[in-house]
Amino acid sequence: MKFVEIRDLQVTYMGKTKPSIVIDKLDIEEGESVLITGRSGSGKSTLVSVINGVIPHLINAEVKGEVRVFGLDIKTTPTSEISRYVGTLLQDPDTQAFNYTVIDEVAFGVENYMVSREEMINRVEESMKICGISHLRDREINTLSGGELQRTVLASVLAMRPKALILDEPTSNIDPQGTREILELVKTFRSEGISLVLVEHKIERVLPFIDRIIVVESGKIAVDIKKDEIIDRADLLHSLGLEIPDYMLFLKKSGFRRIDYEYLRKTYNYKPPSRNEGKGEILFASVKVKTKSGKYLINTKISLKQGTITALMGKNGSGKTTLLKAIVGLIDKKRLIVEEEKVIVNGKDLSKAKLVERGKYLAYLPQFFDVMFIKRTVEDEVKFSMKNRGVYDEMRLGEILRIFSLDAYRTEDPLVLSMGQRRRVAMASVIAGGAKVILMDEPTSGQDWYHRQILGKELLELRNKGYTILVVTHDARFVDRFTDYLLVMSDGKIVLEGKPEEVFSKSLNHGIEPPLEYELGGLIKNEQFS
Ligand SMILES: Nc1ncnc2c1ncn2[C@@H]1O[C@H](COP(=O)(O)OP(=O)(O)OP(=O)(O)O)[C@@H](O)[C@H]1O
Ligand SMILES: Nc1ncnc2c1ncn2[C@@H]1O[C@H](COP(=O)(O)OP(=O)(O)OP(=O)(O)O)[C@@H](O)[C@H]1O
């Protein structure tokens, strides 16, 4: 039986005049493992939403044509029935978790099935183990880090033992080593005939786990190839804005039709970009944060050099977000104990300063910043933020809008702008108070390569204008391309620091996978892709 059969499909969201996807024919065989990729907004999520029945049952959209999933017509089969066969991990795990504790969440789906209690317990335990969250079993969901939450949702999906899995950008929140471990395990399920659909921007990372690549472009299937054809089509894929590493283009130019890691190791040269050294320390912090039961979540010192971009990497739950929050003064003191929070910015001691005062020196951009917008125009949004910090001045407002290339959008509603534009409005608002140090939490997550490059260039421009930036990310290629220093956290401590090329050679034990060109170019030894 086929996993997916699509014929003459057109999906049009309520209120839209044009369909978001138009697909004449698509078949996915049972047991196949397919990567669906393509630019942001191309229609990937819409496609997977008809495969798991979310459209039309939970999201209102008109579906013309036919979609069958394991022979079931998605238009007439309730989602509860489809979800017995097709398990989905959404990109934003917040929307998928409803329970109080981790173990309740993992058991939630499987509880509704007719399985014995013993079988249920076995499945729940096994899934927690696979996803590396057994130690979090009794933890309240709202205390989990982003990656821990995503792993929890995945465990609950796996406990249902679906015939097919849809993973929507698993690498966006789960650290690279964790993603690899989970995909390795999914691969072993595949020997039991499980089908896999992976929606992902990081093609290279998932290549060992898939058979076929489908590229969606403007709502249509633009490319549908076997994995082995990736080099043959490298130029086309590159021109579609996908993250095709240079070494693949190099192979194509050298006349190869397949990836030949041996040849690359002998011939491929890689030189990291030049980095800024910075001019002395602009930020120093010494932070200790612990739980009520006395476990240190953060116990570390951090220093940033003026006029540099510094990356902060580390496994899920290592403490990256908590460290950023502690520096800006955003730790929830009802839940956690702040034992030490020494923060000095540009010679000014902010250790005792309140949030608003710290905001004049430090700008913090959370991962999901849309919630920050409260005004109806870009100009009002930035103005409001300046007034709030007591630093409003019309000239300065104009200057900030120019720095962030927002002049042309002054009167637009921030919420109708594109993701990149919205991020610039949020950044303009947070630095409007005069802050010269910007702390950003996972701005690369879920972004396609084109937008990650735009972000990187924006950061370089800000750096050249004298700002200092600390950026939390799981994206090693982004770090290599766009940052000057790399800090690695483990168990609440910064354990490695230096230029990315120095740190990458030692970071394998900390959940970080260096860009493959480091290994192929002989800069580090890591034979995981061979
Ligand atoms: N619920 C919705 N209502 C109306 N339009 C929608 C809805 N969801 C998506 N769209 C539109 O459909 C098009 C395809 O969006 P979709 O989310 O499928 O893209 P995507 O390739 O998954 O993007 P990304 O990589 O950014 O997640 C876009 O133009 C988007 O604005
Ligand atoms: N109230 C709490 N009680 C116990 N542990 C907590 C509490 N709040 C947070 N934690 C734990 O602190 C650790 C650090 O979380 P943090 O969000 O800083 O991690 P992170 O490095 O940003 O992870 P990710 O890469 O997944 O985003 C996590 O293991 C989290 O579960």
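**Entry 1: ligand 2 and its contacts**

I started at Gly319, where a polar backbone atom sits 2.9 Å from an oxygen atom of ligand 2. I keep in mind that this is a predicted model. Next I looked for side chains that approach the ligand. Asn316 has a polar side-chain atom 3.0 Å from an oxygen atom of ligand 2. For Glu148, I noted 2.6 Å between an N or O atom of its side chain and an oxygen atom of ligand 2.

How much of ligand 2 does the protein bury? Taken alone, ligand 2 exposes 660 Å², and the protein buries 87% of that.

I then went through the surroundings. There are 19 residues around ligand 2, and the closest are Arg139, Ser145, Glu148, Lys320 and Thr322. Sorted by class, I get two nonpolar, twelve polar and five charged residues in this shell. Two elements give two or more residues each to the shell, namely helix H6 (146-159) and helix H12 (320-328).

**Entry 2: where ligand 2 sits**

Why does ligand 2 lie between domain 1 and domain 2? Both domain 1 (2-244) and domain 2 (279-284 + 304-332 + 345-521) give residues to its shell, so ligand 2 lies between them.

To the contact, domain 1 brings 23 residues and domain 2 brings 26 residues.

**Entry 3: the UniProt record**

I checked the record next. UniProt places "domain: ABC transporter" at residues 6-243 and 282-516. I looked at each span in turn. Residues 6-243 are 34% helix and 25% strand, and the end C-alpha atoms lie 27 Å apart. For residues 282-516 I have 32% helix and 27% strand, with the end C-alpha atoms 33 Å apart.

**Entry 4: ligand 1**

Which residues surround ligand 1? I listed Tyr13, Lys16, Ser20, Arg39, Ser40, Gly41, Ser42, Gly43, Lys44, Ser45, Thr46 and His201. By class, this shell has one nonpolar, eight polar and three charged residues. Helix H1 (residues 44-51) supplies the largest share of the shell, three residues.

I looked up the polar approaches too. The side chain of Ser45 puts a polar atom 2.7 Å from an oxygen atom of ligand 1. Ser20 also has a polar side-chain atom by an oxygen atom of ligand 1, at 2.9 Å. At Lys16, an N or O atom of the side chain is 3.2 Å from a nitrogen atom of ligand 1. Ligand 1 taken alone exposes 640 Å², of which the protein buries 65%.

**Entry 5: two backbone spots**

I finished with the backbone. Which peptide bond did I note as cis? The bond from Ile55 to Pro56 is cis, with omega near 5°. Pro56 belongs to helix H2 (residues 54-57).

My other stop was Glu169. Its phi is near 50°, a positive value in a residue other than glycine. I found Glu169 in the loop between strand S7 (164-168) and helix H7 (176-190).

How values were computed: Residues are numbered from 1 along each chain as its sequence is written. Chains are lettered from A and ligands numbered from 1 in the order in which they are written. This is a predicted model: local features need pLDDT of at least 70, side-chain atom pairs count only at pLDDT 80 or more; totals for chains, interfaces and linings use all residues. Side-chain values use heavy atoms; hydrogens and water are left out. UniProt positions are given in the numbering used here, feature names are shortened, and annotations may be inferred rather than shown by experiment. Helices (H or I, at least four residues) and strands (E, at least two) are DSSP runs, numbered from the N terminus. A residue is near a molecule or strand if one of its heavy atoms lies within 4 Å of it. A polar contact is a pair of N or O atoms within 3.5 Å; within protein, one must be able to donate a hydrogen and the other to accept it, and residues adjacent in sequence count only if both atoms are side-chain atoms. Accessible areas come from the Shrake-Rupley method with a 1.4 Å probe; for residues, only the protein chains shown count as cover. Ala, Val, Leu, Ile, Met, Phe, Trp, Tyr, Cys and Pro count as nonpolar, Asp, Glu, Lys and Arg as charged, and the others, Gly among them, as polar. Domain bounds come from an automatic or database domain assignment. Contact means heavy atoms within 4.5 Å.
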